[in-house]
Amino acid sequence: MTPCWRSAVQATIFMGMTNLRIPALAFVGAMLCLGMVAPAGAAPLHHDIELMLDPAAGRMEAVDRLTLPAGAQSLRLDPALTVQEVRAGGRPVPVDRHGDRLRLVVPEGVDAVTIRYGGRLPGFTTGTGLALDGEGAFLPGLGGWLPDPASAADEPPSWRLSVRVPSPYVAVATGRLEEEEREATGYRAVFAEDRSVEEPSVFAGAWTVEERPAGPLRLRLYRHPEQAGLADGYLELSEQAIAAGAARIGAYPFDGFSIVSVPPPVGLGFPGLTAIGRAVLPLPFIRSQSLTHEIMHNWWGNGVRVGEGGNWAEGLTTYMADYAAAQARGADAAKAMRLDWLRDYAALPAERDRPLTGFQSKTHDASQIVGYGKAAMLFHMLEAEIGRDAFDAGIRKFWSGFAFRAAGWSDLRRSFEAASGRDLGGLFGQWVERRGAPMLTLADVRADGDGVLLTLRQEADAPYALAVPVRLETAAGVEDHSVRLDGRQVTLRLPAKAAVKAVSVDPDFDLFRRLAPGEAPPILRDVTLRPGAERVIVADGDAAEAARALAGRLMDATGRESGDKKSAPLLLVGTDAAVARELARRGLAPVPAELAGRGSARVWVSRAADGRTALVVSGADAEALRALLRPLPHYGRQSWLVFEGAKAVDRGVWAAGDSPLRRVVGR
């Protein structure tokens with residue numbers, strides 16, 4: 001058996017009422033390869049599927065006519081689905097089934113195997129697995145509803161899918177819409193994909209379908225009745241985002257884009273389609289913060305698939321969608337996003353850090369910090385190094401060279417090298433293949449005639465090659481410089497046009513680095529990412545049960561209920577009076593004045609004089625604590641929050657202290 005890496009659904013999960021990319025669950029998966037490698041000259045894998053869905057009964061029936069090479073084959077099929085018949089060349093084919101594996105031998109000389117199967121599927125629960133009930137259907141491509149050979153030699157298959165649902169349901173799938181028929185008794189549509197993209201994903205619901213033509217593209221919203229009025233905003237933004245991406249990268253790779261309302265509070269990205277939770281679809285920040293990210297994935301992840309050696313697609317998508325949107329809002333918004341990425345990284349324990357080559361998908365906050373934030377910062381630094389024109393030329397070269405193929409970090413590097421005429425091996429090597437980041441120190445600053453003499457240091461396991469931004473604040477204005485720091489320390493003189501008043505190193509957070517003390521105020525992730533955090537529950541009865549459940553949801557790593565390790569971060573959860581007593585007993589500061597008495601629950605992070613960080617959750621009662629179970633884990637970048645029930649009515653980050661990377665120059 002050989003490990004087989006194939007691009008599946010590039011998905012980001014929207015959970016809670018904050019940044020929807022928290023997401024982040026990405027189905028960039030490793031499938032265990034079973035069965036024989038197709039012989040040279042064998043027909044490529046192709047599915048021709050007739051699918052009938054009955055959401056009200058929770059049943060599906062399917063006939064899949066698929067091309068398979070002769071010989072022993074192993075297919076994956078969800079255990080809930082019963083195989084009724086397998087035929088090839090007009091004759092039955094014996095099948096040996098164990099769990100989700102079907103083993104069979106394809107006779108020589110046949111061009112296809114026909115599998116008839118069906119069964120009942122579970123209803124909607126998490127929103128990420130097979131689901132079929134009265135609310136509709138969700139059948140993700142690699143979810144097990146379609147017989148999948150998962151052979152190491154296979155590119156993703158081509159396919160044709162005919163799907164039927166009874167009234168009042170409508171169905172939609174990834175792929176090109178070739179036919180559709182609406183009748184009083186039901187709905188039928190045919191979808192197809194001839195290129196190496198991925199297996200079909202299918203959805204059904206009692207929707208109203210609203211469409212907006214955009215040249216040759218079909219843009220659609222599949223909405224529930226209460227979502228009237230959303231189509232114009234969503235479809236207009238989709239058209240704008242597709243046009244902007246095509247202008248910068250190359251032609252949009254699919255025949256349209258569909259936005260599909262689904263029961264669970266999730267957001268999932270597929271080729272030419274995004275599925276968004278019914279309850280959160282109407283929220284304004286869904287459209288403004290997340291839609292462009294999913295559209296960009298149609299180039300990165302769905303158009304160019306992720307190959308071996310790490311998932312580059314999430315970082316590039318974050319940079320070209322989320323960060324581009326921040327840039328459009330202005331320099332301050334872009335700087336704030338870069339600082340968010342660095343603040344996240346400052347909260348990441350060293351033992352949970354990984355190189356970008358080790359990131360495959362977002363499975364928890366720690367992986368997101370590396371795979372999304374660090375990767376996006378790499379592209380920001382790369383663009384600063386080679387310039388916008390060369391960066392965009394490299395993006396276009398990468399797209400034209402690898403559309404509907406798998407690619408890795410090395411392919412990206414070579415594309416940018418060809419566009420810029422530069423050897424970028426060192427830059428990619430230190431940021432992609434190494435874990436960690438340098439910390440900068442402004443060791444010394446002195447006036448020197450019409451300039452300034454400064455000493456810069458970096459702390460790292462091995463020195464990074466850095467172009468460090470240095471800003472001189474002079475009597476005549478601001479002057480920006482770039483200083484090479486390739487070793488552990490450099491001392492140099494920077495000239496200035498007027499007397500230098502102050503010096504700032506990387507003032508706009510343009511380098512991926514460990515923030516210096518004073519640059520990173522405490523945030524929730526300083527505690528929730530720490531495996532050894534001490535958990536203390538101060539509540540009784542139902543409130544104690546709710547507090548324990550909340551503490552378990554908050555921690556992104558395994559922790560302890562209690563302990564006496566003095567330096568370990570503290571997570572304190574309980575009811576208001578009990579929390580106040582525990583803080584006093586431990587000699588910790590009480591609830592901050594700006595939060596006291598507000599809302600049904602208050603959350604804050606503080607840092608004691610001895611450096612210990614405490615995350616405190618104080619709720620009025622059991623109901624107030626239970627209301628935080630879903631939303632609170634998705635506010636990891638905040639220092640404090642005020643909740644009314646499940647709604648965060650106020651939040652923020654404590655002010656940063658004086659940065660040691662800024663010095664006033666004395667004469």
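**Entry 1: a four-stranded sheet**

I started with the open sheet of four strands, which runs in the order β28-β27-β30-β37. The model is a predicted one. I checked the direction of the pairing and found it antiparallel. Which strands are the edge strands? They are β28, residues 477–485, and β37, residues 662–664. Each of these pairs on one side only. On average it is 20°, with direction ignored.

**Entry 2: β27 against β28**

Next I took one pairing by itself. How many bridges join β27 to β28? I noted nine, with the two strands running antiparallel. Strand β27 covers residues 466–474. I also looked for what faces Arg471. Asp480 in β28 stands opposite Arg471. As a reminder to myself, strands of a sheet pair through backbone hydrogen bonds, either parallel or antiparallel.

**Entry 3: aromatic pairs**

I turned to the rings. The structure holds 26 aromatic pairs. I picked Trp300 with Trp312. Their centres are 6.1 Å apart and the angle between the planes is 75°, an edge-to-face pair. Where do the two residues lie? Trp300 is in the loop between α3 (291–296) and β23 (305–306). Trp312 is in the loop between β23 and α4 (313–329). The two are twelve residues apart, and the pair links distant parts of the chain.

Are these residues buried or exposed? Trp300 has a relative accessible area of 0%, so I count Trp300 as buried. Trp312 also comes out at 0%, so Trp312 is buried as well.

**Entry 4: Trp300 with Trp399**

Trp300 has another partner in my notes. The ring centres of Trp300 and Trp399 are 6.1 Å apart.

**Entry 5: charges over rings**

Last, I looked for arginines over tyrosine rings. Which ring does the charged end of Arg287 sit over? It is the ring of Tyr234, and the charged end is 5.5 Å from the ring centre. I noted Arg434 too. The charged end of Arg434 sits over the ring of Tyr464, 3.8 Å from its centre.

Definitions and conventions: Residues are numbered from 1 along each chain as its sequence is written. This is a predicted model: local features need pLDDT of at least 70, side-chain atom pairs count only at pLDDT 80 or more; totals for chains, interfaces and linings use all residues. Side-chain values use heavy atoms; hydrogens and water are left out. Rings of Phe, Tyr and Trp (its six-membered ring) pair if their centres lie within 6.5 Å; planes under 30 degrees apart count as stacked, over 60 as edge-to-face and the rest as tilted. Buried means under 20% relative accessible area, exposed over 50%, partly exposed in between (1.4 Å probe, protein chains only). A charge sits over a ring if NZ of Lys or CZ of Arg is within 6 Å of the ring centre and within 35 degrees of the ring normal. Two strands pair if DSSP finds at least two bridges between them. Axes are lines fitted to C-alpha atoms, for helices over the stretch in contact, and angles run from 0 to 180 degrees between N-to-C directions.
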